[in-house]
Amino acid sequence: MVINADPRVFEQIALTRLPELQVANGLFRATAKLDGVEDQGPPPTALSAACIVLVGLRRADEVGLDQPFATGALRTTVLGALSGPEAHAGDIGLALWAESRDDGGAIGELTASLQRVGARKFETLPLEQLAWAVTGLTEASVLAGDAGQLGSLREEATAALVSRAEDSGLFAEEGKRRNAHAAPVGNQFHVLNSLCQTMRADSGSEAAGLAQSLATALLELQRPDGSWPGLVDPQRGEAAALYPVLTVTQIALAPIALRVAGDQGLEGGFEASINSGLAWAQGGNVLGFDLVHESESRLDRGILPRREPGAVARGFSNASRRFRGRLPDLDPDRLILDPAVSSEDLGWVLEAWAGR
């Protein structure tokens with residue numbers, strides 16, 4: 001693929017900004033601090049954020065990229081935190097993903113933790129977490145083999161993910177209760193990546209057909225300006241809300257998933273789609289803002305709708321539902337730029353671009 005981006009710019013931005021988001025306990029602030037806004041108490045942290053950053057840093061280490069973190073120390077911190085009550089199956093999946101890029105020494109420990117946290121509950125997980133669990137289990141099985149508890153959990157998680165496939169090609173946010181009509185589009189890219197990793201590990205599996213249908217649905221959802229709608233309706237296979245459009249979706253989540261889709265031989269104009277998404281973030285959006293600031297080594301979080309009074313917001317929502325498939329473009333005056341990028345976003349940027 002010929003991609004219209006300089007990976008070194010994204011590497012520099014992520015590795016410059018991430019140290020500012022690490023807090024005293026070694027984990028990461030889930031949301032960047034806004035200028036002029038003082039913290040009320042200790043800064044918020046999230047185990048998921050640290051796990052995503054660890055995935056990105058392992059990618060950076062794998063390709064020999066100089067970076068300012070002691071990745072081993074972060075790994076130790078994450079492994080310790082995963083034994084606590086905050087950990088969920090998605091976090092452990094992310095940790096398995098990162099561990100598969102090391103010597104795999106903690107795969108057994110993480111598999112046991114996932115058995116404790118996620119056994120017989122995969123069908124109830126949020127889609128994002130389920131996709132992370134499938135990816136982590138698949139990557140770990142490629143390194144350590146697919147026997148015993150690891151293989152059993154991978155089979156269970158993959159079956160739960162496959163059961164979420166809708167006729168539209170998109171995937172349901174929930175298992176038995178398929179009533180989520182507005183779901184983040186980024187979750188669909190996480191699923192596409194996990195299906196493609198499953199294809200890589202299990203040639204000839206049913207994941208191939210589902211991945212192709214999902215990739216096709218996502219390409220059809222991309223708008224003429226290169227953006228993906230912020231929210232999608234998995235059952236109908238259409239946009240549920242055009243905004244917010246997040247920079248991480250455009251420059252990281254979509255490239256990660258679409259690149260591996262192309263590598264696995266799926267059909268689609270993936271190169272053009274990635275480039276169109278990047279162009280949106282680099283000034284091709286309706287506001288004409290470049291959300292990638294190389295000179296300042298930072299990213300903006302994305303473009304969001306202004307908050308409307310409750311009755312007005314409900315009116316626009318109801319109108320959008322009545323005219324199915326014909327969501328109105330928002331007036332640019334009703335859109336705002338959000339400059340507060342998160343540590344999760346930067347972790348995904350590293351995963352997408354380190355060493356590319």
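Predicted model: local features only at pLDDT ≥ 70, side-chain atom pairs only at ≥ 80, totals over all residues.
Local features need pLDDT of at least 70 and side-chain atom pairs count only at pLDDT 80 or more, while totals for chains, interfaces and linings use all residues. Residues are numbered from 1 along each chain as its sequence is written, and side-chain values use heavy atoms, without hydrogens and water.

**View 1. The cavity.** A search of the whole structure finds one cavity of 30 Å³ or more. A cavity is a set of points on a 1 Å grid over the protein atoms alone, where a 1.4 Å probe fits but cannot get out. The largest cavity holds about 70 Å³ of space. A volume is the space filled by probe spheres set on the points, which are joined across faces, edges and corners.

**View 2. The cavity lining.** Lining residues have an atom within 4 Å of a point. Among them are Trp 97, Phe 189, His 190 and Trp 348. Helix 6 (127-144), helix 8 (185-201) and helix 10 (247-263) each give two or more residues. Helices are DSSP runs of H or I with at least four residues, and strands are runs of E with at least two, numbered from the N terminus. The lining has seven nonpolar residues, three polar and no charged.

View 3. Three strands lie in the order 3-4-5, with antiparallel pairing. Strand 3 (183-184) and strand 5 (238-241) stand at the edges with a single partner strand each, so one side of each lacks a neighbour in the sheet. Two strands pair if DSSP finds at least two bridges between them. Pro 184 stands opposite Leu 231 in strand 4.

**View 4. The hairpin.** Strands 4 and 5 form a hairpin with four residues between them. Gly 237 in the turn has a positive phi of about 70°. Asp 233 has Glu 238 in strand 5 as its bridge partner.

Terms used
1 Å grid on protein atoms, 1.4 Å probe; cavity = no way out; pocket = protein on both sides within 12 Å on 5 of 7 lines; lining within 4 Å. Nonpolar A, V, L, I, M, F, W, Y, C, P; charged D, E, K, R; others polar.
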